[in-house]
Amino acid sequence: MGDVLQTIRHAGRRQAYALVVLATTPAICCAASANDAPFAREIAPGIFAHQGLVALTSPANRGDIANLGFIVGDDAVAIVDCGGSVAVGEQLLAAVRAATSKPIRYVIMTHVHPDHIFGATAFSQTGATFVGHRNLPRALAARGEYYLRSFRAQLGAEVERVKIVVPTMLVEDRATLDLGNRKIELRAWKTSHTDNDLTVFDPKSGMLFTGDLVFLQHTPIVDGSLLGFLKAIDELQKIPAKRVIPGHGPIGVDWPQAVEKEKRYFEVLTRDLRGLVKKGADIEQAAAQAGQSERKNWELFDNYAPRNATAGLAEIEWE
Ligand SMILES: [Zn+2]
């Protein structure tokens, strides 16, 4: 009962906030009115996907900046990523309930980043098993509290509802989950975007959920290893998928072409960093210069490119 009351209270506050936003900032209006469209669309039989905004997390978008989805088998449902806040997770849960009454058996978390996992609490009453890379519990232990503190500025009061949910089913290398006449293939990757990336492939439809191993439109982010990321992309491209749901950007794009732009950015960044290291450039020069020729191809470039350059520099200096 308390939970229900709390949900209603929060819903009321959200509505009030949305009205204020609509009245004052026309730029936000389109994102808000998109709420009238279905939260997730069926992009292949039994495969539903939601496209998050290409944006930074803000109180107005409540962390709805990552792509999410769910897969429906004959017997059960698997969720792929939970959204950047409990509010977004609740929207995803409502979308599942609108599509099917089958039980949610698994909630797959593709990696540790808040925009993908902060919504997990919305699924804690469903009886689902939370699934993640074998390194995910360690990453959550190391960063969870920090994320909750640091996202107060980005999410506002919404962050108070977030609880860190730790997966209990861990993927060491590969795993298959049977949803009933639909076996989905999970794969745990070596350090690339992070050290805990998991992908989900549905051979039946040919759809591949890559988490943040693939970015479209949104500047790719290296929070693990630049060189590892390039290696992972080579392996990833061998997955015989037809289309991809990337972690960010347009969904249902043809595979493996979809990852070419990201691969080129990382190749340019690597080449630039090697050149700068040879010239004896320092970290500030690397941050300011490496990969800059790719700037025109990506959104949020200035938010992430300098960090990618400094992360890559540390690796390349030791080659
Ligand atoms: Zn990420």
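Strands β12 (residues 243-248) and β13 run antiparallel and are joined by 2 bridges; strands here are DSSP E runs of at least two residues, helices are H or I runs of at least four, and both are numbered from the N terminus. Two strands count as paired if DSSP finds at least two bridges between them. Arg-243 has Asp-254 of β13 as its bridge partner. This is a predicted model, in which local features need pLDDT of at least 70 and side-chain atom pairs count only at pLDDT 80 or more, while totals for chains, interfaces and linings use all residues. Residues are numbered from 1 along each chain as its sequence is written.

Let's step back to the sheet. It is an open one of 6 strands with mixed pairing, in the order β8-β9-β10-β11-β12-β13. Its edge strands, β8 (174-178) and β13 (253-254), each pair on one side only.

| Strand paired with β3 | Bridges | Residues standing opposite |
|---|---|---|
| β2 (residues 47-50) | 4 bridges | Ala-49 and Gly-69 |
| β4 (residues 77-80) | 4 bridges | Phe-70 and Ile-79 |

With 4 residues between them, β3 and β4 make a hairpin. Strand β3 (residues 68-72) is mostly covered, with 5 of its 5 residues buried. Buried means that 20 or more other C-beta atoms lie within 10 Å of the residue's own, exposed means 12 or fewer, and partly exposed is in between, with C-beta atoms placed from the backbone. Side chains in a regular strand alternate between the two faces of the sheet. In β3, Leu-68, Phe-70 and Val-72 point one way, and Gly-69 and Ile-71 the other.

Phe-70 and Ile-79 turn up again in the largest nonpolar core, where they are among the residues that touch the most other members of its 83. Such a core is a set of buried Ala, Val, Leu, Ile, Met, Phe, Trp, Tyr and Cys residues joined through C-beta atoms within 7 Å. Beyond its neighbours within four places in sequence, Ile-79 is in contact (C-beta atoms, placed from the backbone, within 7 Å) with residues including Phe-70, Leu-92, Tyr-106 and Phe-123.

Finally, a helix pair. Helix α7 (residues 226-236) packs on helix α8 (residues 260-278) at an angle of about 145°, with the axes 10 Å apart; axes are lines fitted to C-alpha atoms over the stretch in contact, and angles run from 0 to 180 degrees between N-to-C directions. On the α7 side the contact is made by Leu-226, Phe-229, Leu-230 and Ile-233, and on the α8 side by Glu-262, Lys-263, Phe-266, Leu-269 and Thr-270.

Definitions and conventions. Contact = placed C-beta atoms within 7 Å.
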